[in-house]
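Hi everyone, thanks for coming. Please have a look at the model on the screen, and then I'll walk you through a few spots in it.

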Amino acid sequence: EMEIIYYLNIMRYVVENAGDAVIPYIDKVVAAVDLVLKYEERPGVISLQVFKAANKLIRSLIHALITCRPKEYRSVDPTLWNDPNWKNVHYEHWGNVIDLSAANVSWNAPS
């Protein structure tokens, strides 16, 4: 039972951060949830912990597909973030405020 919950939680965290990249795998995620909901703690008794973990996975899947949020939560532009010279002195920029109009933000749009 704990192993099932462990794997459901891993799937939940992956789905939460995948955004619309999870779309090709929806059938597999739903099939996995259907399978674990057939797990019985005792004959005729569905495990409450497995049921809750499966519900959290479905909630995360729906949230990933319908919310609009930034793809990355970094405080600097991705081109600057990947610059090797900037990485050597990144600590000098901690706490700097950036102009929102200059921010290059890419969004996960609802599917």
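Let's start with a question: in which loop is V97 found? V97 sits in the loop that runs between α5 (84-88) and β4 (107-108). Helices here are DSSP runs of H or I with at least four residues, strands are runs of E with at least two, and both are numbered from the N terminus.

A quick word on the ground rules. This is a predicted model, where local features need pLDDT of at least 70, side-chain atom pairs count only at pLDDT 80 or more, and totals for chains, interfaces and linings use all residues. Residues are numbered from 1 along each chain as its sequence is written, and side-chain values use heavy atoms, with hydrogens and water left out.

Back to V97, which counts as exposed because its relative accessibility is 80%. For that term, buried means under 20% relative accessible area, exposed over 50%, and partly exposed in between, using a 1.4 Å probe and protein chains only. V97 and V76 are 21 residues apart in sequence, and their C-alpha atoms are 9.8 Å apart in space.

Now S47, in the loop between β2 (45-46) and α3. Is S47 buried or exposed? S47 is buried, because its relative accessible area is 0%. Its side chain makes a polar contact of 2.8 Å with the side chain of E1. By polar contact I mean a pair of N or O atoms within 3.5 Å; within protein, one must be able to donate a hydrogen and the other to accept it, and residues adjacent in sequence count only if both atoms are side-chain atoms.

On to the largest nonpolar core, which has 14 residues. Such a core is a set of buried Ala, Val, Leu, Ile, Met, Phe, Trp, Tyr and Cys residues joined through side-chain atoms within 4.5 Å. L8, V15, L57 and L61 have the most contacts inside it. At least two core residues come from each of α1 (2-18), α2 (26-36) and α3 (48-66), and α3 gives the largest share, seven residues. Setting aside neighbours within four places in sequence, L61 is in contact (heavy atoms within 4.5 Å) with V15, V22, I26 and V29.

Last stop, a ring: the charged end of R12 sits over the ring of Y13, 4.6 Å from its centre. The rule there is NZ of Lys or CZ of Arg within 6 Å of the ring centre and within 35 degrees of the ring normal.
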